[in-house]
Amino acid sequence: MAASILSSRDLWRAVLGELELQLPRPTFETWLKKTEGVSHDDHQFVVEVPTAFAVEWLERRMYQAIHKAVEKVAQRPLEIQFRVVTEAETQSQQGISANTGPGLDIGLEPAAGASVHSALREGFARQQFNSKYTFDNFVIGGCNQLAFSAAQAVAEAPGQAYNPLFLYSGVGLGKTHLLHAIGHTCESRGQSVLYVTSEQFTNHFVSAIRNRTTEDFRSHYRGVQVLLMDDVQFLSGKEQTHEGFFHTFNDLHTSGRQVVITSDRPPSALALLQDRMRSRLEWGLIADIEPPGLETRMAILASKTSQLKISIDDGIIELIAKRVQKNVRELEGSLNRIVANLQLMNVDITYDSTSRILDSVVTDSARHNIEPESIIKHVASHYRFDTDVLLGRRRTKKIALARQVAMYLLIYELEMPPTTVGRMLGGRDHSTVIHGAGKINGEISEDRELRQDVLAIKEAIFS
């Protein structure tokens, strides 16, 4: 099979692309982002994770979702084996010799004397930032210029430029990318940096209280020069954790240490956050990131294809950029799915194949939310007709084309039966509908003007 010749790393990257589209962002960022495909054969897939605590979590909470995603990408069911293969984790297991090697199975309970907290502490010691999330790899547009410039200024002079720096936006628009970019820059200069999601902070805080290791907790968080906190909105309503973060923030800020925080909304909209914490978040600079426009989305895709070292026609890039508008994560996830089809199933990247793959990304619920009348209305509006003209009997070339485009969209987007489509379009025979939809489907990959018309209509319908 095609999957067998693909490296474990690339295969796992395709699996992560699937999971990123399915899972809540905090869950994906906390438990899957730092995982790596190690090896695979006809029966088993081995995945490296950063800590023993992560192994336990993934096996208990997420195994089924991961197993299903691996089966979909690899086209066969594989047993998933999570392992911690770093030297530090290997040595932390009592009774295991140092020469056991990277094949060590850490799916067992921690040895006597080990604790969840010790595993988390090792995770702190091995702070890693995503090598792809740098300032050089961040695509700048009018939607994110202020946030990018502020993040660069903070990285150049931590604790001096904007403190705290508060970045907010909807999901998947680049907040985490900028946090990692700041981390890369500061670490390269020998500064101590800690990146943490609010979910991780909560887990560490609860673990410290349970294990009576609050001094260790304080030293981890208050001993760094730069603290990067992702998705602070998830602290809302967690009184004890909120209190812990409040004192951590105060200590760092008072001593001139840099704090950078992200959220899905501005501080003023964090209703469950205490007033004293909200006011502190407003001390520095607040910068938002807007959804990228079409040109920026195309630039992001072009940058991503360059990183993946693949060549995709500009027309295909434009197709993806027009169909996927919500956020950068979905944009990259859709591209990853298309590349996975190329690598795993030897599917050429053409207009038709890309359109089919993108269609599969649109959930049934989203498709069902579109009313047939809305499609007819948008087609008529695009070609500058009244809806009555589209449903009538006139057959000029332009009207016939618009009517066939409507047939195509009703059948291929809403999967409506030809007989139903015929009744909606003025009582036309089902054979006429099949012919009209098939004609558009056959010509759309060759006729650039037709393709642009259909893309524009889809963009208006699904935006």
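Visitor: What makes Phe45 count as buried or exposed?

Guide: This is a predicted model. Phe45 has a relative accessibility of 0%. Buried means under 20%. Phe45 therefore counts as buried.

Visitor: How do you know whether Trp12 is buried or exposed?

Guide: Use the cut-off of 20% again. Trp12 has a relative accessible area of 1%, so Trp12 is buried.

Visitor: How many aromatic pairs does a search of the whole structure find?

Guide: The search finds 12 aromatic pairs.

Visitor: Why is the pair of Trp12 and Phe45 called tilted?

Guide: The ring centres lie 5.7 Å apart. A pair needs centres within 6.5 Å. The planes of Trp12 and Phe45 meet at 35°. Under 30 degrees counts as stacked, over 60 as edge-to-face, and the rest as tilted. So this pair is tilted.

Visitor: Which parts of the chain does the pair of Trp12 and Phe45 link?

Guide: Distant ones. Trp12 belongs to helix H1 and Phe45 to strand E2, 33 residues apart.

Visitor: What makes the pair of Tyr63 and Phe82 stacked or edge-to-face?

Guide: The angle of the planes is 85°. Edge-to-face begins over 60 degrees. The centres of Tyr63 and Phe82 are 6.4 Å apart, and the limit is within 6.5 Å. So the pair is edge-to-face. Tyr63 lies in helix H3 and Phe82 in strand E3, so the pair ties together parts 19 residues apart in sequence. Phe82 is buried, with a relative accessible area of 0%.

Visitor: Which residues form one aromatic cluster?

Guide: Phe201, Phe205, Phe217, Tyr221, Phe245, Phe249 and Trp283 do.

Visitor: Why is the contact of Glu243 and Arg276 called a salt bridge?

Guide: Their side chains meet at 2.6 Å, N to O. The rule asks for a nitrogen within 4 Å of a carboxyl oxygen, so the pair passes. Glu243 lies in helix H10 and Arg276 in helix H11, so the bridge ties together parts 33 residues apart. By this rule the count comes to 10 salt bridges.

Visitor: Where does the charged end of Arg276 sit?

Guide: Over the ring of Phe246, 3.8 Å from its centre. The distance limit is within 6 Å.

Visitor: What makes Arg276 buried, partly exposed or exposed?

Guide: Buried is under 20%, exposed over 50%, and partly exposed in between. Arg276 has a relative accessible area of 31%, so Arg276 is partly exposed. Glu243, at 29%, is also partly exposed.

Visitor: Why are Glu318 and Lys322 separated by about one helical turn?

Guide: Because they are 4 residues apart in helix H13. Glu318 counts as buried at 14%, and Lys322 counts as buried at 10%.

Visitor: How do you know that the side chains of Lys439 and Glu443 meet in a salt bridge?

Guide: N to O is 3.2 Å, and the limit is within 4 Å. These two are 4 residues apart in helix H21, so about one helical turn separates them.

Visitor: What is said of the phi of Asp231?

Guide: Phi of Asp231 is near 60°, a positive value in a residue other than glycine. Most residues other than glycine have a negative phi. Asp231 lies in the loop between strand E6 and helix H10. At 4% relative accessibility, Asp231 counts as buried.

Visitor: Why is the peptide bond from Asn163 to Pro164 called cis?

Guide: Its omega is near 0°. Most peptide bonds are trans. Pro164 is found in the loop between helix H6 and strand E4.

Note on methods:
Residues are numbered from 1 along each chain as its sequence is written. This is a predicted model: local features need pLDDT of at least 70, side-chain atom pairs count only at pLDDT 80 or more; totals for chains, interfaces and linings use all residues. Side-chain values use heavy atoms; hydrogens and water are left out. Buried means under 20% relative accessible area, exposed over 50%, partly exposed in between (1.4 Å probe, protein chains only). Rings of Phe, Tyr and Trp (its six-membered ring) pair if their centres lie within 6.5 Å; planes under 30 degrees apart count as stacked, over 60 as edge-to-face and the rest as tilted. A charge sits over a ring if NZ of Lys or CZ of Arg is within 6 Å of the ring centre and within 35 degrees of the ring normal.
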